[in-house]
Amino acid sequence: MFRSFVKALCSVPRFTGVPLPSSSRLVPVAICSPSPVPIVSRFLTRSMWRCCQNSSSVLQRPFFLNAGRGVPSLSCGCGGLHTEGDKAFAEFLTDEIKEEKKIQKNKSLPKMSGGWDLESNGTEAKLMRKVAGEKITVTFNINNSIPPTFDEEQQEGEKGQEENEPEILSTPNFVVEVVKEVPNQTLVFDCHYPDDEVGHGTEEEDGDIFAIREVSFQPTGETEWKDTSYTLNTDSLDWALYDHLLDFLADRGIDNTFADELIELSTALEHQEYIKFLEDLKSFVKCQ
C-alpha cells in the first residue's frame with residue numbers, strides 16, 4: 001500500500017493542472033518531473049526523498065544539494081584552487097622573472113678580497129678569516145637590507161625619468177666577532193650602514209661608510225647575544241675611543257674597502273634570493 005501511495009504521489013506532477021491534496025504539501029511540485037529545471041520553493045523531507053529515489057522516474061536534485069556547485073575544475077592533483085586570477089598571476093611572474101634575470105649583474109656571488117671564506121645558508125651569509133691566531137667572523141642577513149628609495153617630495157619632479165632611478169643596493173647590518181685563543185673570549189661588534197653613509201666621526205671625503213653601533217664581550221661559541229654581558233653603546237661614546245675601535249677593525253680587514261665589497265656581495269645575494277623567491281612563488285601559484 002505504501003509503495004502504491006508513493007508511486008501515485010510521484011505521478012502527480014505530470015498533471016500540472018490538478019491541485020494537490022492538503023496531506024501532500026511536503027512534496028514539492030514536479031519533484032519527479034523529467035524536466036531539468038528544479039523547483040526549490042519548498043523543501044523535501046528526508047523520508048520522502050529516499051522513497052522517490054527508487055522510482056523509475058528521472059529525479060533532478062535541487063541545485064543547493066549539489067556537492068559540486070561552485071567548485072572549479074582542477075587541472076592537477078594538488079587539490080588546490082585554480083582560478084583565472086592565478087593564471088594571470090603566474091603569467092606576470094614569468095615575465096617578472098625574465099626581466100630580473102636580464103638585469104642580474106652577478107650570476108654567481110662575487111668574492112671578497114683579503115682571503116675571506118664565504119659560507120651562505122639561504123639569506124644568511126658568513127665570512128671567515130684567520131689572522132695571527134685570531135679568528136674573525138662577519139655574519140649578515142640580507143632580509144630587510146634594502147633601504148626605502150621612495151621620496152614623496154621628489155616624486156613629482158622625477159616622473160618619467162626612469163633612467164635616473166637609483167640603483168638598488170643591499171646594505172645589511174653585520175656582526176663582527178673577533179676570537180682570541182688564550183682568553184677564550186669573543187669581542188663582538190654590531191655594525192651598520194648609516195642612511196647618509198657618514199661615519200661616526202667627521203664628515204670628511206674619505207669618512208667611514210659603516211658605523212659601529214654596539215660592542216660587547218660574549219661567550220665563545222654562543223649563537224645568541226647574552227643580555228647579561230655589558231654592552232657598550234657608541235651613541236654617547238668618546239670620539240677617541242670610537243676611533244680606536246674603528247682602527248682595531250681596520251687592522252683585521254674590516255675597513256671601507258671591505259664595507260664596499262660587502263655591499264656588492266649582499267646585493268648579489270639579495271637579488272639571487274629574490275629571483276628564487278619569484279620562481280618558488282610561480283610554482284606555488286601554478287601548483288607545479
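## Overall architecture

Read along the sequence, the protein chain follows the order α-α-α-β-β-β-α-β-β-β-β-α-α. This amounts to 6 helices and 7 strands, where helices (H or I, at least four residues) and strands (E, at least two) are DSSP runs numbered from the N terminus. The model is predicted: local features need pLDDT of at least 70 and side-chain atom pairs count only at pLDDT 80 or more, whereas totals for chains, interfaces and linings use all residues. Residues are numbered from 1 along each chain as its sequence is written, and side-chain values use heavy atoms, with hydrogens and water left out.

Of the 288 residues of the chain, 30% count as buried. Buried means under 20% relative accessible area, exposed means over 50%, and partly exposed lies in between (1.4 Å probe, protein chains only). The accessible surface of the protein chain is about 20,100 Å², and carbon and sulfur atoms contribute 51% of it; the areas come from the Shrake-Rupley method with a 1.4 Å probe, and for residues only the protein chains shown count as cover. Among contacts with a separation of 6 or more, 56% join residues 24 or more positions apart, a contact being heavy atoms within 4.5 Å.

In soluble globular proteins, nonpolar side chains tend to be buried together. Here the largest nonpolar core has 32 residues, and those with the most contacts inside it are F174, V176 and F189. The elements giving two or more residues to this core are β2 (124-131), β3, β4 (174-180), β5 (185-192), β6 (211-219), α5 (239-250) and α6 (256-286). The largest share, 6 residues, comes from α6. Such a core is a set of buried Ala, Val, Leu, Ile, Met, Phe, Trp, Tyr and Cys residues joined through side-chain atoms within 4.5 Å.

Leaving aside residues up to four places away in sequence, V176 touches I136, T137, V138, L187, V188, F189, C191, L249 and I254.

## T137 in strand β3

T137 lies in strand β3 (residues 134-141) and is buried, with a relative accessible area of 9%. Beyond its neighbours within four places in sequence, T137 contacts K126, L127, M128, V175, V176 and E177. T137 and E177 are 40 residues apart along the chain, yet their C-alpha atoms are separated by 5.1 Å.

## Helix α5

Helix α5 has 12 residues and reaches 16 Å from its first C-alpha to its last, close to the 16 Å expected at 1.5 Å a residue; the expected span is 1.5 Å times one less than the number of residues. The buried residues of α5 are Y242, L245, L246 and L249. Seen down the axis of α5, these fall within an arc of 100°, so they line one face of the helix. The arc is that of the directions from the helix axis to the C-beta atoms.

The cover over the buried residues of α5 includes β4, β5 and β6. At the N-terminal end, D238 caps α5, with a side-chain oxygen 3.0 Å from the backbone nitrogen of A240.

Helix α3 has 19 residues and reaches 28 Å from its first C-alpha to its last, close to the 27 Å expected at 1.5 Å a residue. In α3, the buried residues are A90, L93, I97 and E100. Their directions fall within an arc of 90° when seen down the axis of α3, so they line one face of the helix. These buried residues pack against α6, while the face turned away from the buried side carries the exposed residues E84, K87, K98 and K102. T83 caps the N-terminal end of α3 through a side-chain oxygen 3.3 Å from the backbone nitrogen of G85.

Q104 is found in the loop between α3 (84-102) and β1 (117-121) and is buried, at 15% relative accessible area. Apart from residues up to four places away in sequence, Q104 touches H271, Q272 and I275. The side chain of Q104 also reaches the backbone oxygen of N106 at 3.4 Å.

## Residues with positive phi

Most residues other than glycine have a negative phi. A132, in the loop between β2 and β3, has a positive phi of about 50° although it is not a glycine. A132 counts as exposed at 81% relative accessibility. N144, in the loop between β3 and α4 (152-155), has a positive phi near 55° and is exposed, with a relative accessible area of 82%.

Methods. Polar contact = N/O pair within 3.5 Å; in protein donor to acceptor, adjacent residues only side chain to side chain.
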